[in-house]
Amino acid sequence: MTTMRTATERQGGTAGGPGMAGVPGVTLGTALLAGPALMAGYGVVRLVGRAVGDYGPGVWWTAAHLLFLAGVLAFVPVFLGLRGLAGERGGRRIAGEVAAWTGLLGAATVVAQAVIDLGVAFVSADKEAMGELFDRVQGVPGVMPLVYTVVPMLFWLGLLALVTLLALLRRDLVRAWAPVLVLAGTVAMAVSLDLLPVGALCIGAALLPVRRGLSG
């Protein structure tokens with residue numbers, strides 16, 4: 001998935017409802033749909049760009065990475081909304097907070113990654129120049145683990161931990177199989193970037209019952 005690659009690639013009210021710090025104007029229900037859909041869109045645009053042989057600096061790269069950036073940002077209200085569903089007191093609240101903030105930390109680094117990728121492509125004349133600039137940026141000590149390989153994995157681990165926690169504590173909202181789908185989606189994207197749409201759809205399928213439960 002993009003977070004593993006090298007340079008060459010909440011009720012349907014607002015997520016900031018009672019007990020949930022959130023993003024003003026963004027409903028959890030919307031975010032639960034938008035996040036996976038935008039990431040799937042990223043994967044599709046990437047595949048199309050590669051198929052036409054024009055996936056480098058230019059429209060396909062920019063469109064794909066803007067979709068990716070929007071998808072990651074859409075998961076912010078997801079994390080902030082879902083954390084409150086675990087409970088408001090004791091160990092449940094702590095576990096929900098830890099899982100959510102783990103995911104948000106990972107999301108911050110993935111956002112940084114997407115911004116770097118967009119910036120590098122913007123100032124590069126062609127694929128060769130883009131590759132050389134990526135080598136220079138990723139050669140800076142700490143950049144690879146912080147932005148591309150290690151810390152970004154917290155996004156997916158936090159999401160998996162939060163969904164697993166809710167599958168145990170909120171069976172009215174999160175199905176027992178949801179963590180399996182999140183894990184399967186994450187693994188699929190890790191195996192091949194070409195499976196990004198499949199992985200995103202797995203995660204979307206895991207989160208869809210939550211949206212239905214909250215709006216029901």
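**Overview of the chain.** The protein chain holds eight helices and zero strands, where helices (H or I, at least four residues) and strands (E, at least two) are DSSP runs numbered from the N terminus. From that terminus on, the order of elements reads α-α-α-α-α-α-α-α. The model is a predicted one, in which local features need pLDDT of at least 70 and side-chain atom pairs count only at pLDDT 80 or more, whereas totals for chains, interfaces and linings use all residues. Residues are numbered from 1 along each chain as its sequence is written, and side-chain values use heavy atoms, with hydrogens and water left out. Of the 216 residues in the protein chain, 48% are buried, that is, under 20% relative accessible area with a 1.4 Å probe and protein chains only.

**Close-up of helices α3 and α6.** Helix α3 (residues 90-123) and helix α6 (residues 153-169) pack with their axes 7 Å apart and at an angle of about 155°, which makes α3 roughly antiparallel to α6 (over 145 degrees, on a scale from 0 to 180 degrees between N-to-C directions, with axes fitted to C-alpha atoms over the stretch in contact). The crossing of these two helices, α3 and α6, is left-handed, meaning that the near helix is turned anticlockwise from the far one by less than a right angle. Residues in the contact (heavy atoms within 4.5 Å) include Ala95, Gly96, Ala99 and Gly103 of α3 and Phe155, Gly158, Ala161 and Leu165 of α6. By class, the contact of α3 with α6 comprises 12 nonpolar, five polar and one charged residues, with Gly counted among the polar ones.

**Close-up of helices α3 and α4.** The axes of α3 and helix α4 (residues 127-138) come within 9 Å and cross at roughly 135°, so that α3 is oblique to α4. Here α3 passes α4 in a right-handed crossing. The contact is formed by Ile116, Asp117, Val120, Ala121 and Val123 of α3 together with Met130, Leu133, Phe134 and Val137 of α4, and its residues divide into eight nonpolar, no polar and one charged.

Val59 lies in helix α2 (residues 59-82) and counts as exposed because its relative accessibility is 57%, the cut-off being over 50%. Between Val59 and Gly49, the C-alpha to C-alpha distance is 8.6 Å, with the two residues 10 apart in sequence.

Definitions and conventions: Angles under 35 degrees count as roughly parallel, over 145 as roughly antiparallel, 65 to 115 as roughly perpendicular and the rest as oblique.
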